[in-house]
Amino acid sequence: MKALTHWRHYLGWTKTPFTILTNHANLQYWKAPQKLNRRTAQWHTDLQEYDFTIKHIPGKINTPADELSRPPNSDQGDNDNKDQTLLSPKLFINATYVTQIPDSSKRNLMTLIHDHPMAGHPRRDETIWKATEILPWTGMRQWIADYVKGCAICQQNKIMTHKKKIPLYRITTKEGTLPFQQIAMDLIMGLPQQHGHNAILTIVDHGCSRAAIFLPCSDTIMGPGTEKLGIQQNLSTAFHPQTDGLSERKNQWIEQYLRLVTSNDPKGWTHWLALTTTVHNNQINTTTRLSPNQILFGYNPTLNSDKVLQTHNALVESRIQAMTKNRADAIRVLNKVADQKGPPPSQFHLREQVWLDASHLKLPHQKAKLTPKRLGPFKIIQEISPVAY
Ligand SMILES: [Zn+2]
C-alpha cells in the first residue's frame with residue numbers, strides 16, 4: 001500500500017493494468033472474504049484507484065517487502081469490517097479456480113454426450129468439445145480422454161488407426177535337420193473345380209532346402225484332417241502368416257506361374273502342378289543361394305530337352321559330399337537370417353486384458369457386416385510365443 005501511495009502519480013487510474021511483483025503467499029489471505037480492520041478498510045477504498053494484476057515472486061527473494069507490509073506497532077483493529085474481500089480473486093494472474101464436480105455428474109454427462117445413441121460414441125475431441133459447452137471443469141481434457149479410451153463399446157467396434165505392429169517372429173532350425181522335417185503348409189483355395197479338386201496344398205520345406213511341393217486337393221482338408229495325418233501344428237504361427245511369410249510368398253509365386261501357363265485353359269491347372277513343383281525347385285533361392293534341388297539331390301534336373309544333354313552321373317561319393325555340404329550351408333544361412341534380431345520381446349503380459357480381433361474367427365453370425373470388430377476383453381492365461389497367446 002505504501003508503494004502504491006508513493007507512486008500514485010504514476011499508478012493511479014492507468015489506462016492499462018500494471019503488475020505488482022510480490023510474495024504471493026502473503027496476499028493469498030486477502031483473496032478470501034475477511035473481516036477488515038480500519039486500516040485495511042482504508043486500503044480497500046484506496047485500491048479502487050489502481051488497475052493492477054499481481055505476480056508471484058518467491059518469498060525468499062522478497063524479504064524487504066515483508067517489513068513494509070507489516071510495520072511494527074500498527075493498529076490491528078481486530079473487531080470491525082468483517083467478511084470483506086480486499087483483493088478479488090480475478091486480480092491474480094494464473095490463479096486456478098478449481099471447479100469441483102462429483103464423478104457421478106461427470107459420468108452422467110458422458111452417458112448423455114458419448115454413450116447415448118443420440119450421441120453415437122463420438123471421438124475424444126468431439127466429446128471434450130461438447131462437454132465444454134455443457135459442464136466445464138478443471139482437468140476435463142484428461143478425464144474425458146481417459147473415459148473415451150476406456151469405453152468398451154468404442155474399443156470393440158471402432159476401426160483402429162494405430163494398429164499394433166506384430167513383430168517378425170522367424171523359426172530357426174536344428175542343425176542336421178533333414179529336408180521336409182520342418183514344413184510350412186498352406187492352402188490356396190477358390191480354383192476351378194477339376195477332377196474333384198478345387199485347391200492346392202503347398203508344402204514348403206521350411207528348415208533346409210526351401211523346396212516346395214504343390215498338390216491338388218479339396219478345400220476340406222485343413223483342420224481336423226491334419227490331425228489324422230499326424231501333423232503337429234505349430235501354434236506359434238497359427239493366424240500369423242506374416243510371422244514368416246514363407247508360404248504366402250510361395251502362394252504368390254505358384255498363382256502367378258499357373259496364371260501364365262494356363263491362361264488358355266484355366267481348368268487344366270491340375271495337370272501343371274507336378275511341373276510347377278519341378279520348376280520351382282530348380283530356381284535359386286535368394287537366401288540359400290542354391291536351388292532346392294541342389295540341396296535335395298545335389299543337382300538341378302534338366303527340364304529343357306532342347307539343351308545339350310548334360311550328364312549328372314558324377315561319382316556317388318562326390319555327389320553325397322556336395323549334397324551334405326549344400327544342406328549344412330542352407331540351414332546355416334536360413335538360421336542366420338531368422339536369428340538376425342533374436343526373438344522379439346513379449347507383446348502382452350499374463351493376466352493382461354486384451355481384445356481379440358474378430359476377423360479371423362468363424363462365428364455363426366460372421367456374415368453380418370455389423371458384427372463387432374473385436375471380442376472380449378479376454379484375460380491372457382498363457383504365453384505360447386512372443387506373438388501367440
Ligand atoms: Zn464410446
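Most peptide bonds are trans, and most residues other than glycine have a negative phi. The structure described is a predicted model, and its secondary structure comes to 15 helices and seven strands.

The average pLDDT is 76, and 72% of the residues score at least 70. Among the elements, α8 has the highest mean pLDDT, at 92, whereas helix α11 (residues 241-244) has the lowest, at 50. Where pLDDT is low, the predicted coordinates should not be read in detail. Of the 389 residues of the chain, 13% count as buried. Among contacts with a separation of 6 or more, those between residues 24 or more positions apart account for 67%.

The strands β3, β4 and β5 form an open sheet, in that order and with antiparallel pairing. Because β3 and β5 stand at the edges, each with a single partner strand, one side of each is left without a neighbour in the sheet. From one strand to the next, the twist averages 20°. The antiparallel strands β4 and β5 are joined by six bridges; Thr202 stands opposite Phe214 in β5, and Ala199 has Cys217 of β5 as its bridge partner. Six residues lie between the strands in the hairpin of β4 and β5, where Arg210 takes a positive phi near 60°.

In soluble globular proteins, nonpolar side chains tend to be buried together. The largest nonpolar core in this model has ten residues, namely Ala184, Ile188, Ile200, Val204, Ala211, Ala212, Phe214, Ile254, Leu258 and Trp269. Two or more residues of this core come from each of β3 (183-188), β4 (199-205), β5 (212-217) and α12 (246-261). Once neighbours within four places in sequence are left aside, Ile254 is in contact with Ile188, Ile200, Thr202, Phe214 and Thr276. Apart from this core lies another, of eight residues, which include Met110, Ile113, Ile128 and Ala131.

Helix α13 lies across β4 and β5, and runs at about 170° to β5. This helix covers residues 269-282 and contains Thr276. With 20 other C-beta atoms within 10 Å, Thr276 is buried, because 20 or more such neighbours is the criterion for burial. Thr276 touches Phe214, Ile254, Tyr257 and Leu258, not counting residues up to four places away in sequence. Phe214, Ile254 and Leu258 are among the residues of the ten-residue core. Between Thr276 and Trp253, which are 23 residues apart in sequence, the C-alpha to C-alpha distance is 9.9 Å.

In helix α6 (residues 103-115), the buried residues are Leu109, Met110, Ile113 and His114. The buried residues of α6 pack against α7 (124-134) and α8 (140-149).

Arg289, although not a glycine, has a positive phi of about 60° and is placed in the loop between α13 and α14 (292-296). Arg289 has 11 C-beta neighbours inside 10 Å and so counts as exposed. Arg351, likewise not a glycine, has a positive phi of about 65° and lies in the loop between α15 and β6. With 8 other C-beta atoms within 10 Å, Arg351 is exposed. His349 is placed in the loop between α15 (316-339) and β6 (353-357), and counts as exposed because 10 C-beta neighbours lie inside 10 Å. His349 and Tyr389 are 40 residues apart in sequence, and their C-alpha atoms are 9.3 Å apart in space.

Note on methods: Residues numbered from 1 in each chain as written. Predicted model: local features only at pLDDT ≥ 70, side-chain atom pairs only at ≥ 80, totals over all residues. Core = buried A, V, L, I, M, F, W, Y, C linked by C-beta atoms within 7 Å. Buried ≥ 20, exposed ≤ 12 C-beta atoms within 10 Å, placed from the backbone. Helix = DSSP H or I, 4+ residues; strand = E, 2+ residues; numbered from the N terminus. Contact = placed C-beta atoms within 7 Å. Pairing = 2+ DSSP bridges. Axes fitted to C-alpha atoms, helices over the stretch in contact; angles between N-to-C directions. pLDDT = per-residue confidence, 0-100.
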